[in-house]
Every structure is written in structure tokens, then in C-alpha cells.
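This briefing covers aromatic pairs, a nonpolar core and strand pairing. Please look over the sequence and the structure before reading the points.

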Amino acid sequence: MKQISLTLVIVALFAGIAIVGCPPAIQTESPTITLTGEGAAKTALEGLVYSFTPTTDGNSYTIGKTAITDTDLFDMTGADVLDVAATGYAALDFGGDTFTLYGEPYGSVWVGQNGTLAFGTDAPAADATHANTIGIAALRTDLTGGTVTGTVAQSTFVADWADVATAADEAKTGETVNTSRFQVQGVLDSHATEADRGAIDIIFPAVDDDIDAAEVGVSSAEAGSVTTGTVATPTADAAV
């Protein structure tokens, strides 16, 4: 029987964590959920939507969690296949629109094989970590294979990882045993509803139970002290 050790850690790259709202939500400048222990990612993520909503000043985010509904996933039929295998990242252009992260507008995003998205002129270095990258950890872990696609529609950019496998598991067994499917949706600055602009949903219809370490969250890549707080596993309809 697999032993599961699950830790949900909210990491802020600035000092201070404020708890706001009802039900309580964590508000932090660079929130990251760190998952450790075999099967932990599947337990914490599968069947759920994690939402990161920018605060009014754009300098921090609140995190919410809800169960997936039939209309949450964007249909990726006809979406561009992103060639992430060669260099680890491929660019997804927003077609003249912008997405604002931590108050800074970006006209494109680098989509990574290992479940990451990075913003900036150049693709991140191969050894870049989530903490020193301006971007989103959709499911940051060592992934391989599958299909990574991207599109822009309805004032939203969408990046989708389908049938991606855990690299360590594939190397150990010589075959793909389990795979993951997850999707990121980011609301662009042209969206009609101002309050929705900059919001991020990360949707997890399927998560490989062999993943034993992963990160989910957003990062501003700002230097500074790290404040860590532990949050109990919430119910599907509560905020974390």
C-alpha cells in the first residue's frame, strides 16, 4: 500500500500572510502549493479547479478551490500543438492582447513541458526554478510525452497538457503507466468584465498517482524573505 504524506504549503516571497474573506482564503504575493509524498498530487488536485485571483492592487492573489463542472475545461480541438520537446518551452502569442501578472502586462507566455508557464522576453533557462521565474506553475514536476497545446479564445489564453507522463515513472518501468491532464486558463486584459482580468484557473481532470513532488501556484520572482504557512486540506467547495 502506498504511504501518502500530503503537505499544502503556501509560500510567499514577501514577508507576511494575510487571511481574508469568508470562507477564509490565503492572500499572498507569490502563493505556491507544494505537494510531497507519493500520490499526494492526485489526492489534492484531481477533479478540482484551483483559482488564483489578483487583489485590487494587483500585488497579491487569493486562492480558491472548487470541484470541476462539465463546462470548466476548454475544448482544445483545433488548438496549436506547442513544440516543447526540443527546448522545454514554446511561445504562445496573445494576438495583440495582453495578460497582466503582478501589475505587468505581457503579450505572450512561454509554455513548458514540465507544467510551467513563464512570462518575459526570453524563455527561462533549463535549470530555472518556479521561485525565480515570473509565471505560473500549473503542475511543476518532471513530465514527459503527451501533447501540449495552446490557444487564445473568448479573451482567455489556454494552455493544456494531455496524456503527459511522470518522467521518473516512465524511466523506472520502461513504459507509460499513468498519465496526467491539466489545463491553465488566464483571463486577458480585453475581457469585458474588469474584475475577471488577470484571473487564473488551473483545472485538473486527471493526475498521475506516481507523482511524488509537485508545485502549483504563481510566482513574481521577487527577491526577499520567504514566509511559509501550512494550510489544512479544505473541502472541495472551500477556499485555501
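Two strands pair if DSSP finds at least two bridges between them. Strands (E, at least two residues) and helices (H or I, at least four residues) are DSSP runs, numbered from the N terminus. The model is predicted, so local features need pLDDT of at least 70 and side-chain atom pairs count only at pLDDT 80 or more, while totals for chains, interfaces and linings use all residues. Residues are numbered from 1 along each chain as its sequence is written, and side-chain values use heavy atoms, with hydrogens and water left out.

**Strand pairing**

- Strand 16 and strand 17 run antiparallel and are joined by 8 bridges.
- Asp160 stands opposite Gln183 in strand 17.
- Strand 17 also pairs with strand 18 (residues 200-206), in the antiparallel sense and over 5 bridges.
- Arg181 has Ala206 of strand 18 opposite.
- In strand 17 (residues 179-187), 7 of the 9 residues are buried (under 20% relative accessible area; exposed is over 50% and partly exposed in between, with a 1.4 Å probe and protein chains only).

**Nonpolar core**

- A nonpolar core is a set of buried Ala, Val, Leu, Ile, Met, Phe, Trp, Tyr and Cys residues joined through side-chain atoms within 4.5 Å.
- The largest such core has 43 residues, of which Leu45, Leu117, Phe157, Trp161 and Ile200 touch the most other members.
- Strand 16 (residues 156-166) gives the most to this core, with 4 residues.
- Leaving aside residues up to four places away in sequence, Ile200 has contacts (heavy atoms within 4.5 Å) that include Tyr50, Phe52, Phe99, Val184 and Val218.

**Aromatic pairs**

- Rings of Phe, Tyr and Trp (its six-membered ring) pair if their centres lie within 6.5 Å; planes under 30 degrees apart count as stacked, over 60 as edge-to-face and the rest as tilted.
- There are 9 aromatic pairs in the structure.
- One of them is the stacked pair of Phe99 and Phe119, at 5.6 Å centre to centre with 20° between the planes.
- Phe99 belongs to strand 9 (residues 99-101) and Phe119 to the loop between strand 12 (116-118) and strand 13 (135-140), so this pair ties together parts that are 20 residues apart in sequence.
- Tyr106 and Phe119 form a tilted pair, at 5.2 Å centre to centre and 40° between the planes.
- Because Tyr106 lies in strand 10 (residues 104-106) and Phe119 in the loop between strand 12 and strand 13, the pair ties together parts that are 13 residues apart in sequence.
- Phe99 and Phe119 are both buried, and Tyr106 is buried as well.
- One aromatic cluster is formed by Phe94, Phe99, Tyr106, Phe119 and Phe157.
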